[in-house]
Amino acid sequence: MARRTAAPAAPATAGSPSAAAARAPSPCRLHRLDVGSGVLAAAVEWLLARVGSGRSVDGGATPVADLSGWLVVLPGRAAGLRLNELLVAATAARGLALVPPRITTPGDLPECLYAPGKPLTDTLLETLCWSGAIAAASPRDRDLVVAGLGGTADDTPPAGDRLVDAGAGMVALHRELASHGLDFASFAATAAAKLPAFADDDRWLALARLEAEYLGWLKGLDAWDRQTARRKAIGNGEIRCDHRIVLVATVDLDPLQRDLLAALPAGCDALVAAPPTMTDAELAAAFDDYGCLVPAVWDSAPIPLPLDAIAVVDDAAGQADAVIDWLRSLGGRRAADEITIAAPDSALVPELEHRLRGVGLSGRAAGGRTVERSTPWHLLEAILGWLADGGFAPFARLLRCPDAARLLAERTGIALPAAVADEVASRHLPLAIDRRLLAEAAAEARDPAASPERRFLALLDAADGWLAELVAATRALGKRARRGSSDGRRALDWAAAIRGVVGAALGDRILDRDAPGERTVVVALESLGELLAEIETLPDELVAAVGPVGLGHLLLTGWGRRLVPPLPDPEALPIVGWLEVALDDAPALAITSVVEGVLPGGVSRDPLLPDPLRQAVGLPDTNRTAARDAWSLALAATCRRDLLVIVPRHRVDGAAAVPSRLLFRRPAAELVAAVQRICSPAPPQPAALPGATGRLAIPHPDSFAPFLARAPETTAGDEPAAEAVAKPRALAVTSLRSYVACPYRFWLKHVVGLRTVTDDALELGALEFGTLLHECLQRFAADRALAASTDAEPLAAALGAILDDLVAARYGPGALPAVEVQAALARRRLTAFAAAQARRTAAGWRIAATEREVHGTLDVDGTAVPIVARIDRIDHHPATGRWEILDYKTSAQGRPPDRVHRRRGAWIDFQLPLYRHLAGATGIAALAAASPEAVAVGFFNLPARAEDTAVVVADWSRAEHEAALAAAAAVIRGIRAGRYWPPNPDGAASFPEYDAICQTDAIVDDGDDDDDGGAG
């Protein structure tokens, strides 16, 4: 709810005689509120008009508004807090002291009306009891209730996480049926009576047997679930309440709550909130005896949304922009506490918060953020995932948790553990972790101690030590236990181990609950401690039924849903959920995501209770949800001075959206205009130029100047590291092409050093595939006998053996199927290469050098600029004295050098001309002494089409080579001058990894890119 100090509202209209008189005698008295100033403000006036005032109870002179004898029931806790604020403000304005009422919600109301005879269970214990009942059921019953759950009663239980999810589903189903006075057996009988075609008796009888087992677990624990306790209280006549009960806009009470209220000797009052445009007769038809909605009426009730309040946008970003534009249109007329942003789709909240921050505003979820968005939750989720799976991906995810990374870095001296995982992933594509394979790969490295495999193994050893106690407790928890047969320490030891590993990761950090950056962590840890304290009391046989995976899943789901209340911030704009909108009293309201499936909510997907069955038996269905949403939207439309309703064409996940049917609840005369406004095609949007001024600015290179102060030399074949200066000293010859495509993206890649890293690849990328072929060819060339072979068949067999050895050493015997397929494709290319190479050797060519690292210079305006390259291969023909400098190309299509290097006559790539320019720096004296005419440059193409495998030499003239060097010098001038701005939108396709930074959606394969893994 929006938080503000409001002036007292105008006195509310008392109960509507015409509405009340038209009803049969009821234990609930209806009163219509004047909601012009807000539902809660009207409720405050109604209460104060009936309580009167008296002298202070302590004998003072200040009169008192004593509401201590009242119990006010509100739809949610946020509304209760806001009601208290308004009561304080209203009584202060009247010069009264306040004794506040007791405030509760419909869910907690029943326990205010009776005293339970036994301890009541909570959700965690109910879920475990249901999970235990499902685990103990016969395989047939289990399969009837949750198809495919697996496991048998006499063997290991079903998968723990699925078992817990099934138990949670049973909790919700049991509670809903019990609130309507039904157990599973009676529901089956009712369904059969209402629907003659009902044929699901077997499943519901199986559910009834599970229900009996569930109640048996509770009996053994000497506990009641809440629904059972409530029914017994009604049956035994134990309903009592010393307070006068007032229901405020509680439009969706279930039958059990109504039965409890009906049992009150003094009855209750219901304050009904309806749009001011609704007549008393319409109100009498639209609300029942307890002030709840009558769905059939609200299914067609008009919702007079002003058309000029509706904004149609494209996507999530457009919704956030529309909110920002609307806030600007208010022109400062509203303070932050007079504005509310409603987000019926919670997935939009992060986007709203982010975009508001981008324009200097603050938005906060009024209910707070969930623990699931906290670093402790992600840490524990990663720990439990790693212990349950043991694969590479869960461990890599653990290394990305800041606290885990810090702990393991301290224990191993490895500064960036996640970067080590990235290196291992790119080299080995592991699903499982094969320690033997990693140890062998490390032993073969040039520097075994510094190899990524050795460092990864060190991280594994450190993690084993850190998690040893939890591993032992997890193993003990996984053992089967019979009721009453164990020592009761399994859950206790497991919870203690969880505390230990989380505490070790946090180390000696001192956290401040009031610090914005640490509050979430503190509250998350507190709630974790509370849940672990509950788990410690669980009997061994219950936790053993779900096992460590199930208990961990139960802990994470229950913990993740808990809320971290935000710190008070008078300048923050509250972002509320849809259920809070009806009682929110902010005069300015923006409603987002007004589309089908959100408003009104989506169709029920419950396989046990589909909508037709719900309707037949009288359970809540989508019609009731739609009625509630229509009521809330009608109140919003008629009680707000400043209103924005946003209709996106696409949901947050990108799926196409359909405008809400509620938008078209209007007189027929307005319907055509509404359809035209809401459903017209989107006008074409001009393409935004990169770097153009907008809400989201592209970072300018100058803003990074203070961080790019050092200038290390670039090593051959390496792209500049992140620490490189804005004007790199040494340039890789292959990097110049990037500058021609887009100077800004060149800066991101080669100067700042931004690159995409991943540890979840399931196949070789183009770069890795090319690298694999390169390594095979390098090993081939290192074997003089193979390099001199003129027989294609044994050469192909030798290359195949080299490939097999590399794949086995790098990816292990359990290589992914995709790797096996790609290895077969690589074998085809190597076979074609063998034939071409054998012919070339027979023609007199000899390999003079491979993988030659070359350092040279290029004169640019009298300055010798360092340039570096790694040349794949240099061939010599002794009989003719000719030389060829070659670059292996493994792209799908084998293209000639000129097509790669020039476009429409202009030089766009300088690799081969610079290779020839560097011939004198190769360290081969005969090559350095050769005339330019005797030195050719070209590609050794190994494309997908085997018949296209061949050496293709560039036929450029001396003048063309000189023109290429002049063009390269011009590019180097720009780099040396630090000219990286503005971005070139035409070059976006060559750098899809920077689309987010450059605000472009161009993700297109650029066929000109070199994907062979070569460095220069």
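Let's start with two neighbours: strand S6, residues 244-248, runs alongside strand S7, residues 268-272, and the two pair in the parallel sense over three bridges. To see one meeting point up close, find Val246, whose bridge partner in S7 is Asp269. Keep in mind as you look around that this is a predicted model.

Now widen the view. S6 and S7 belong to an open sheet of five strands, arranged in the order S1-S7-S6-S3-S5 with parallel pairing. At its edges you will find strand S1 (28-32) and strand S5 (102-104), each of which pairs on one side only. From one strand to the next, the twist averages 25 degrees.

Six strands make it up, in the order S8-S15-S14-S9-S13-S10, and their pairing is parallel. Strand S8 (310-313) and strand S10 (363-365) each have a single partner strand, so one side of each is left without a neighbour in the sheet. Direction ignored, neighbouring strands here are turned by 25 degrees against each other on average.

Inside this sheet, strand S14 (residues 588-591) pairs with strand S15 (residues 642-648) in the parallel sense, over four bridges. One place to look is Ala590, which has Leu644 in S15 as its bridge partner. A helix also packs on this sheet: H14, residues 349-358, touches strand S9 (339-342), S10 and strand S13 (573-576). The direction of H14 makes about 160 degrees with that of S10.

Next, let's turn to a pair of helices. Two packed helices are described by the angle between their axes and the distance between the axes. Helix H17 (residues 402-412) packs against helix H21 (residues 490-506) at an angle of about 75 degrees, and their axes are 8 Å apart. Angles of 65 to 115 degrees count as roughly perpendicular, and that makes H17 roughly perpendicular to H21. Where they meet, H17 brings Asp403, Arg406 and Leu407, while H21 brings Ala504, Ala505 and Leu506. Sorted by class, this contact has four nonpolar residues, two charged ones and no polar ones.

Finally, step back to take in the whole protein chain. It holds 37 helices and 23 strands. Of its 1016 residues, 49% are buried. Among contacts with a separation of 6 or more, 76% are between residues 24 or more positions apart. The accessible surface of the chain comes to about 44600 Å², and 54% of that surface belongs to carbon and sulfur atoms.

Conventions:
Residues numbered from 1 in each chain as written. Predicted model: local features only at pLDDT ≥ 70, side-chain atom pairs only at ≥ 80, totals over all residues. Heavy atoms only, no water. Pairing = 2+ DSSP bridges. Axes fitted to C-alpha atoms, helices over the stretch in contact; angles between N-to-C directions. Contact = heavy atoms within 4.5 Å. Parallel < 35°, antiparallel > 145°, perpendicular 65-115°, else oblique. Nonpolar A, V, L, I, M, F, W, Y, C, P; charged D, E, K, R; others polar. Buried < 20%, exposed > 50% of the residue type's maximum accessible area, 1.4 Å probe, protein only. Areas by Shrake-Rupley, 256 points an atom, 1.4 Å probe, with all protein chains shown as cover.
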